[in-house]
Amino acid sequence: MNPIDPGLKQVLDERGEGVRVVADLAERAIARDRSNRRRELGGTALVAGLVLAVAVPVGWSAVRPTGDRPLPVGPSASTTAPTGRPSAPTGSASSAPTPTSIPTLTADGAPAPVTVRFATGGPTGTTTVPYVADGVIYDGTRQIALTGKLTGGSLARLAGGGWLVAQGETGVYYVVDSTGANTVRLDGESSTVNADGSVFVIESRVSLTAYDAAGARIGRLTASTCDCAPQGVADAESPGYDAVGIVGPVVYASRGFTGSSVAWDVATGTRRAVAGSPTLVDAARGTALVGVAPKPGSKQVCNELTDLTSGRTIWRLCGPLVFRAFSADGAYLLATGYIDGLDDSQLGPDRTFLYGGLVVVRTSDGAVVMEGGSSSARGGASPVSYRLGGDGTVTVQVGATTGDRSLQRCTLDGECIVVAPGRARDTDIPEGEDPYFLADN
């Protein structure tokens with residue numbers, strides 16, 4: 001252990017009272033801490049350039065693809081960003097196609113049809129997207145107080161009225177019942193939950209473990225089955241399996257640096273290879289977003305929307321965007337343009353971001369339908385986290401210049417109302433400092 005590990009173990013051991021413990025919490029959380037530090041040293045790569053989505057607590061803007069390019073005809077999400085050393089993607093889903101085979105759009109800075117107008121003042125409504133803040137889950141008009149020392153981190157709804165709640169960034173997850181009581185404690189680096197909450201996966205030590213809604217283990221996909229490290233890379237340096245989404249009982253996970261993925265059916269235990277390396281998976285429409293290796297000498301980042309069943313590429317969108325999630329119905333993608341490490345060719349003439357903190361892209365044709373206003377990234381409110389729920393509105397955690405953050409619900413016409421008041425960030429915690437955590441499903 002390094003010098004901080006014993007202290008981390010002591011803190012985690014103290015949190016074990018009153019719940020059933022699954023596996024060795026402290027040791028695995030320490031392993032997660034080591035893994036994070038190793039990944040930080042390696043950087044976070046998106047396809048082939050060092051580009052990191054960053055939180056910018058000030059102004060925001062976006063651009064959209066323009067109409068002088070051929071428009072395509074079209075038909076959850078993990079909380080952890082892809083990490084590790086980039087390698088050339090393999091397989092038909094992410095291989096470079098012939099110029100005429102895939103409808104392609106390029107973002108060039110033209111304004112989107114709709115600009116979001118954040119509201120001011122106190123709450124005037126509610127949101128259909130559940131969230132947790134200061135130890136309380138808010139689900140519409142219902143409030144569920146969490147028990148013990150659990151205050152909140154990531155949140156997901158489970159089947160049967162339960163919840164999966166992370167304790168900040170400690171690497172500890174709890175299955176919580178409908179009354180707010182902790183029933184099972186799990187440890188891991190990240191979680192992924194399917195749309196109806198019947199199956200979830202915890203990633204730990206580059207392996208995946210699947211559980212049902214009650215927190216009972218269904219199966220495990222160990223790192224030893226991954227073969228995730230290409231020739232010349234030590235297995236210890238590989239990030240292993242990285243779950244990117246679940247469709248029903250089928251978990252989709254990338255395989256380290258290989259540029260390929262696997263579909264693991266937790267109900268049957270079977271696995272099959274998947275071409276390419278999806279970064280997001282949409283259960284509603286059976287599609288996935290796949291990063292594409294840029295052309296030699298190009299610094300432009302491209303993503304393709306593909307059909308999971310046929311492998312058909314629906315469209316390709318090139319531009320400085322990091323996509324974060326699909327909408328609940330799969331009709332939209334949510335992205336950020338606040339990216340650290342972009343090449344100058346991907347910035348505006350004044351070296352500002354082309355895109356802002358929230359960009360909404362329509363999945364049917366790859367067009368940006370809503371964006372922010374200012375491209376200077378100075379002054380005003382900025383989006384921090386967001387989810388587009390089943391009612392067609394976007395719930396946004398909005399950062400103010402004072403450092404406080406509120407929740408707002410915005411229509412796709414750009415009109416917003418405040419649904420939860422401004423709260424101060426926890427500046428004592430480098431990670432997980434947001435006061436609000438939106439549900440992943």
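The following legends describe close-up views of a predicted model.

**View 1. An open antiparallel sheet of four strands, in the order S26-S27-S29-S30.**
The four strands pair in the antiparallel sense, and strands S26 (322-326) and S30 (368-370) stand at the edges, each with a single partner strand, so one side of each is left without a neighbour in the sheet. Direction ignored, neighbouring strands of this sheet are turned by 40 degrees against each other on average. Between S26 and strand S27 (residues 332-336) the antiparallel pairing extends over four bridges, and Ala-325 stands opposite Leu-334 in S27. As a general point, strands of a sheet pair through backbone hydrogen bonds, in either a parallel or an antiparallel arrangement.

**View 2. The largest nonpolar core, with 19 residues, and the surroundings of Phe-323.**
Trp-315, Phe-323 and Leu-333 are the residues with the most contacts inside this core. At least two of its residues are supplied by each of strand S6 (104-110), S25, S26, S27 and strand S29 (359-362), and the largest share, three residues, comes from S25. Leaving aside residues up to four places away in sequence, Phe-323 touches Leu-280, Leu-289, Asn-303, Leu-317, Leu-333, Leu-334, Ala-335 and Val-361. A second, separate core has 17 residues, including Val-114, Tyr-332, Val-360 and Cys-416. In soluble globular proteins, nonpolar side chains tend to be buried together.

**View 3. The disulfide between Cys-302 and Cys-318.**
The S to S distance of this link is 2.0 Å, and with 105 degrees about the S-S bond the link is right-handed. The pair connects distant parts of the chain, with Cys-302 in strand S24 (residues 302-307) and Cys-318 in strand S25 (residues 313-318), 16 residues apart. Cys-302 has a relative accessible area of 9%, so this residue is buried, the limit being under 20%, and Cys-318 likewise counts as buried at 5% relative accessibility.

**View 4. The disulfide between Cys-410 and Cys-416.**
Two disulfides are counted in the model, and in the one shown here the sulfur atoms of Cys-410 and Cys-416 lie 2.1 Å apart. The link of Cys-410 and Cys-416 is right-handed, with 110 degrees about the S-S bond. Cys-410 is buried at 1% relative accessibility, and Cys-416 is buried with a relative accessible area of 10%; Cys-416 is also included in the separate core of 17 residues.

**View 5. Strand S32 (residues 394-399) and its two antiparallel partners, S31 and S33.**
Six of the six residues of S32 are buried, so this strand is largely enclosed by the rest of the structure. Val-394, Val-396 and Val-398 point one way from the strand, whereas Thr-395, Gln-397 and Gly-399 point the other way. Six bridges join strand S31 (residues 382-388) to S32, with Gly-399 as the bridge partner of Ser-382, and these two strands form a hairpin with five residues between them, where Gly-392 in the turn has a positive phi of about 80 degrees. S32 also pairs over six bridges with strand S33 (residues 405-410), with Leu-407 as the bridge partner of Gln-397. In the hairpin of S32 and S33, five residues again lie between the strands, and Gly-403 in the turn has a positive phi of about 100 degrees.

**View 6. Ala-293 in the loop between strand S23 (287-292) and S24.**
Ala-293 is partly exposed, with a relative accessible area of 32%. Ala-293 and Gly-259 are 34 residues apart in sequence, and their C-alpha atoms are 9.9 Å apart in space.

How values were computed. Residues are numbered from 1 along each chain as its sequence is written. This is a predicted model: local features need pLDDT of at least 70, side-chain atom pairs count only at pLDDT 80 or more; totals for chains, interfaces and linings use all residues. Side-chain values use heavy atoms; hydrogens and water are left out. Two strands pair if DSSP finds at least two bridges between them. Axes are lines fitted to C-alpha atoms, for helices over the stretch in contact, and angles run from 0 to 180 degrees between N-to-C directions. A disulfide is a pair of cysteine sulfur atoms within 2.5 Å. Buried means under 20% relative accessible area, exposed over 50%, partly exposed in between (1.4 Å probe, protein chains only). A nonpolar core is a set of buried Ala, Val, Leu, Ile, Met, Phe, Trp, Tyr and Cys residues joined through side-chain atoms within 4.5 Å. Contact means heavy atoms within 4.5 Å.
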